[in-house]
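Me: I would like to learn how to read a few structural features, one at a time. Could you take me through them?

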Amino acid sequence: ETPLLYKLKPEIENLLKTLSSSYLNMAYIKTCDDILKAEFKNTEHFVDLEKIYIGITATESIVNLKKDSNVPRSEITVNPSIPQQFEIQSIAQVFQSFPILNNFVTRQKVDEEWRAHAMLNRSQYGLNTNDNDSAENYWAKVFSLKNSAGQFLFSSLKHVLNLLLVLPFSNTSVERKFSVLRNLKTENRNRLHTDIVVALMATREDLSSKNSNIQSVPFKIHADCDAKVAKYFDNYVKTTEDKTFKGSFRGYPLRGKKVDMPEGYLGLVLHESIKPARDKDERKFYVINNFTNITFWNWDKIPSENDSIIQALQWIYVAEALHSPILEE
């Protein structure tokens, strides 16, 4: 038989045109002399979301879901702009889709809080939404509001909105978890304990998250809440000419320095949910974030080579030198 490799390029071009026609404007595809050089990520050439072609069966399923009145429309109430404008005067319809809510809150109380939210002076409470603020962040601010007696203003509404916020809009994230699981628990690693698999999956997910601004301070704060570091600490930190930092905590002076992780290494933030009662019991830590540098603080003195954390990082270079192969000249 004669080689058919010359047919590969035309077949690939036809395949790309077919796939691209699902979400790109047909007029743009026709103007592309070379489909391999098309701007596949340029949003100007995208069709409207409702016009994306996903196949006959999937399209019919979505159309049927939209017609089904029993399917909850979570976007109606979760989107902050809609309750702010009071376009929907009652969210009693949510109780029809989720009757279990009746076990925790009353419809009348939820509706009262829904109306009270619409009348809030949002600028007074810093609730002005923008494109960068997600629905989760907005409602977290709302649910933290209290009255003069220290009682939460929207305790009943919180139950309803939290339920709607956790509703998945697709099964993509679930399918992705199964793909990760198959990569971790293979035929050669089929005896991994469930706790180990969960820890590995959590570590893998958190390692792909954004780096955090980690700071090591020479004191402890005995509190179980979110520390507003950016507002009450970072805003008062000054950078000196030698690129170190000056700050203070409750009137006591602090001196800081940014320390980078060694090349090829990544710092991890570990969290222990429950500490075992006995020292000999196994301890379980979970990765909650990662970092490539850390700001190290001392009381009124610039961090130097004598500090423990800097010495620990230097030991990595010492260990590499000790274990590196000796090359004969």
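Reply: Gladly, and let us start with aromatic rings. Rings of Phe, Tyr and Trp (its six-membered ring) pair if their centres lie within 6.5 Å; planes under 30 degrees apart count as stacked, over 60 as edge-to-face and the rest as tilted. This is a predicted model, in which local features need pLDDT of at least 70 and side-chain atom pairs count only at pLDDT 80 or more, while totals for chains, interfaces and linings use all residues. Residues are numbered from 1 along each chain as its sequence is written, and side-chain values use heavy atoms, with hydrogens and water left out.

Me: How many aromatic pairs does the structure hold?

Reply: There are eight aromatic pairs. One of them joins Tyr138 and Trp139, edge-to-face, at 5.2 Å centre to centre and 80° between the planes. The rings of Trp139 and Phe143 have centres 5.8 Å apart and planes at 25°, so this pair is stacked. Ring pairs also link Phe219, Phe249, Tyr252 and Trp299 into a cluster.

Me: Where do Trp139 and Phe143 lie?

Reply: Helices (H or I, at least four residues) and strands (E, at least two) are DSSP runs, numbered from the N terminus. Trp139 and Phe143 are both in helix 8 (residues 135–143), four residues apart, about one turn of the helix.

Me: Is Trp139 buried or exposed?

Reply: Buried means under 20% relative accessible area, exposed over 50%, and partly exposed in between (1.4 Å probe, protein chains only). Trp139 counts as buried because its relative accessibility is 0%, and Phe143, at 8%, counts as buried too. Tyr138 is buried, as is Trp139.

Me: Which residues touch the most other members of the largest nonpolar core?

Reply: A nonpolar core is a set of buried Ala, Val, Leu, Ile, Met, Phe, Trp, Tyr and Cys residues joined through side-chain atoms within 4.5 Å. The largest one has 22 residues, and Trp139, Leu157 and Val160 touch the most other members. Helix 6 (93–97), helix 7 (107–118), helix 8 and helix 9 (155–165) each supply at least two residues of this core. Helix 8 gives the most, with five residues.

Me: Now the sheet, please. In what order do the five strands form it?

Reply: Two strands pair if DSSP finds at least two bridges between them. Here five strands make an open sheet in the order 1-7-4-3-2, with mixed pairing. Strand 1 (214–216) and strand 2 (238–239) are the edge strands, each pairing on one side only.

Me: How do I follow the pairing from strand to strand?

Reply: Start at strand 1, which pairs with strand 7 in the parallel sense over three bridges; Ile214 has Ile294 in strand 7 as its bridge partner. Strand 7 and strand 4 pair in the antiparallel sense over seven bridges, with Lys258 opposite Thr295 in strand 7. Strand 2 and strand 3 (residues 245–249) are antiparallel over two bridges, and Thr239 stands opposite Phe245 in strand 3. Strand 7 is mostly covered, since five of its seven residues are buried.

Me: Which residues have a positive phi, though they are not glycine?

Reply: Arg250 has phi near 55° and sits in the loop between strand 3 and strand 4 (252–260). Arg250 is exposed, with a relative accessible area of 75%. Asp300 also has phi near 55°, in the loop between strand 7 (293–299) and helix 13 (308–323). Asp300 is exposed at 54%.

Me: And Arg255: buried or exposed?

Reply: Arg255 lies in strand 4 and is buried, with a relative accessible area of 15%. Arg255 and Phe245 are 10 residues apart in sequence and 5.6 Å apart in space, C-alpha to C-alpha.

Me: Last topic: how is empty space found?

Reply: Rolling a probe the size of a water molecule over the atoms shows where empty space is left. On a 1 Å grid over the protein atoms alone, a pocket is an open set of points where a 1.4 Å probe fits, with protein on both sides within 12 Å along at least five of seven lines; lining residues have an atom within 4 Å of a point. Grid points are joined across faces, edges and corners, and a volume is the space filled by probe spheres set on the points. The largest pocket holds about 1,400 Å³ of space. Its lining has 31 residues, of which Gln215, Val217, Ile221, Ala227 and Val229 lie nearest its centre. Strand 5 gives the most to this lining, with four residues.
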